[in-house]
Amino acid sequence: MAKADFYEILGVARGADEKELKGAFRKLAMKFHPDKNPDDSDAERKFKEINEAYEFLKDPQKRAAYDRFGHAAFEQGGPGGMGGGMGGGGGFSDIFEDIFGEMMGGGRGGGRRSSGGRERGADLRYNMEISLEEAYEGKTAQIRVPTSITCDVCTGSGAKPGTQPSTCATCNGAGRVRAAQGFFSIERTCPTCHGRGQTITDPCTKCGGQGRVTEERSLSVNIPAGIEDGTRIRLSGEGEAGMRGGPSGDLYIFLSVRPHAVFQREGADLFCTVPISMTTAALGGKFDITTMDGARSRVSVPEGTQPGKELRLRNKGMPVLRSAQFGDLYIRISIETPQKLSKRQRELLMEFQELSSKENSPESSGFFSRMKGFFDTLTD
């Protein structure tokens, strides 16, 4: 079966520049990553194709050979003498160091792998849900996070106590090897130490040479008053421990605020809908409402209040993050039509209707007048 075209796999034109290639790869790799598609063999196959295509097109020399000879450029004995098959690139981990390392603090330029084979640990994500009351007051939360920590037996070296890792004889500690193939020079991850630059003859019995072990940790998280839904809190150095004593990654806590039974939030302002009787709306009145701070506030309803009118309580909304200010509380008025009328109530309402004039209901009178005028123009 013929291999698919690398450009078609990434969905870019043959003249795409480096930025377009990287953007297309990042989008597709995120979509088909095995972590997002567990037990999906098609997604895994597509993920490998995407990585393979980008591995060769990102390298100017390999891309030039591919543009000229196609897949034959990399087959054993093909044009240009670039033997070794398609799997001879730097590997998936190298690609992700180039592309995603810059987002998460790593990358070859950013120190994902340091000297001595020490790799920076992965960043972790923790989803936390809080109530609107907790967002109003702020809180200190205790969370338990399963993560990798530095092995206490080998102190992160990965070597059995009393021994030391040795410099890799294949790459002399560089972590990468370079091979000349005709007029091309190919650099690859060292197959012996897998890019670490060191090998371990006697691995630590507790961590198996990784320099870290998995353990559940308890952490304290400060949730400031006024925090909003979707806020991300970063705990530096609280992610996974690095390989072979490398620096730890970070822990990112993503906050979501549960919907409230009474209040809806828009920024620092709160909104709630309060139903009142038809007579209260017509005659005016007062009612009490409990605000987020637990206090009771008296609200005055003006005479002749219409449905949808908003009454404002200043400084009764949410606190503004890291300030002494507060938003406002807006009360939307809903007018409830009376039900299950007694005979006397019905008589009184009918009497009121007979006594009503256009001045009592100006909006409805005006609407039907405009409607009549509209139909009159149609019949002219």
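Visitor: What's the handedness of the crossing of α2 and α3?

Guide: Left-handed. Keep in mind that this is a predicted model.

Visitor: And what angle do α2 and α3 make?

Guide: About 160°, with the axes 9 Å apart. Here α2 covers residues 18-32 and α3 covers residues 41-57. Angles over 145 degrees count as roughly antiparallel, so α2 is roughly antiparallel to α3.

Visitor: Which residues meet there?

Guide: From α2 you have Leu21, Lys22, Phe25, Leu28, Ala29 and Phe32. Across from them, α3 brings Ala43, Lys46, Phe47, Ile50, Asn51, Tyr54 and Leu57. Sorted by class, this contact of α2 with α3 has 10 nonpolar residues, one polar and two charged.

Visitor: Okay, next pair. How do α3 and α4 cross?

Guide: At roughly 105°, and their axes come within 6 Å. Helix α4 is residues 60-69. The range for roughly perpendicular is 65 to 115 degrees, so α3 and α4 are roughly perpendicular to each other.

Visitor: Which residues make that contact?

Guide: Glu55, Phe56 and Leu57 on the α3 side, and Lys62, Arg63 and Tyr66 on the α4 side.

Visitor: Is Glu55 buried or exposed?

Guide: Glu55 is buried, at a relative accessible area of 8%. Lys58 is partly exposed, at 26%.

Visitor: How many salt bridges does the count come to?

Guide: 20. One of them joins the side chains of Arg120 and Asp123, at 3.1 Å from N to O. Both Arg120 and Asp123 are buried.

Visitor: What about Glu240, which side chain does that one meet?

Guide: Arg212, in a salt bridge of 3.6 Å, N to O. Arg212 is partly exposed, with a relative accessible area of 21%.

Visitor: What does Ile9 touch, if you skip residues up to four places away in sequence?

Guide: Ala4, Leu28, Lys46, Glu49, Ile50 and Ala53. Among those, Leu28, Lys46 and Ile50 also turn up in the contact of α2 with α3. Ile9 and Tyr54 are 45 residues apart in sequence, and their C-alpha atoms are 9.1 Å apart in space.

Visitor: Nice. Now a strand residue: where does Thr140 lie?

Guide: In strand β2, residues 139-150. Leaving out its neighbours within four places in sequence, Thr140 is in contact with Ser220, Val221 and Asn222. The C-alpha atoms of Thr140 and Val221 are separated by 5.6 Å, although the two residues are 81 residues apart along the chain.

Visitor: What share of the contacts comes from residues 24 or more positions apart?

Guide: 61% of the contacts in the protein with a separation of 6 or more. For the overall picture, the protein has nine helices and 15 strands. Of its 380 residues, 36% count as buried.

Visitor: Let's switch to backbone angles. What is phi of Asn172 near?

Guide: Near 55°, a positive value in a residue other than glycine. Most residues other than glycine have a negative phi. Asn172 lies in the loop between β3 (166-167) and β4 (176-181), and at 66% relative accessibility it counts as exposed.

Visitor: And Lys340, what is its phi near?

Guide: 50°, again a positive value in a residue other than glycine. Lys340 lies in the loop between β15 (329-336) and α8 (343-355).

Visitor: Is Lys340 buried or exposed?

Guide: Exposed, at 83% relative accessibility.

Methods:
Residues are numbered from 1 along each chain as its sequence is written. This is a predicted model: local features need pLDDT of at least 70, side-chain atom pairs count only at pLDDT 80 or more; totals for chains, interfaces and linings use all residues. Side-chain values use heavy atoms; hydrogens and water are left out. A salt bridge is a side-chain nitrogen of Lys or Arg within 4 Å of a carboxyl oxygen of Asp or Glu. Buried means under 20% relative accessible area, exposed over 50%, partly exposed in between (1.4 Å probe, protein chains only). Axes are lines fitted to C-alpha atoms, for helices over the stretch in contact, and angles run from 0 to 180 degrees between N-to-C directions. Helices (H or I, at least four residues) and strands (E, at least two) are DSSP runs, numbered from the N terminus. Angles under 35 degrees count as roughly parallel, over 145 as roughly antiparallel, 65 to 115 as roughly perpendicular and the rest as oblique. A crossing is left-handed if the near helix is turned anticlockwise from the far one by less than a right angle, and right-handed if clockwise. Contact means heavy atoms within 4.5 Å. Ala, Val, Leu, Ile, Met, Phe, Trp, Tyr, Cys and Pro count as nonpolar, Asp, Glu, Lys and Arg as charged, and the others, Gly among them, as polar.
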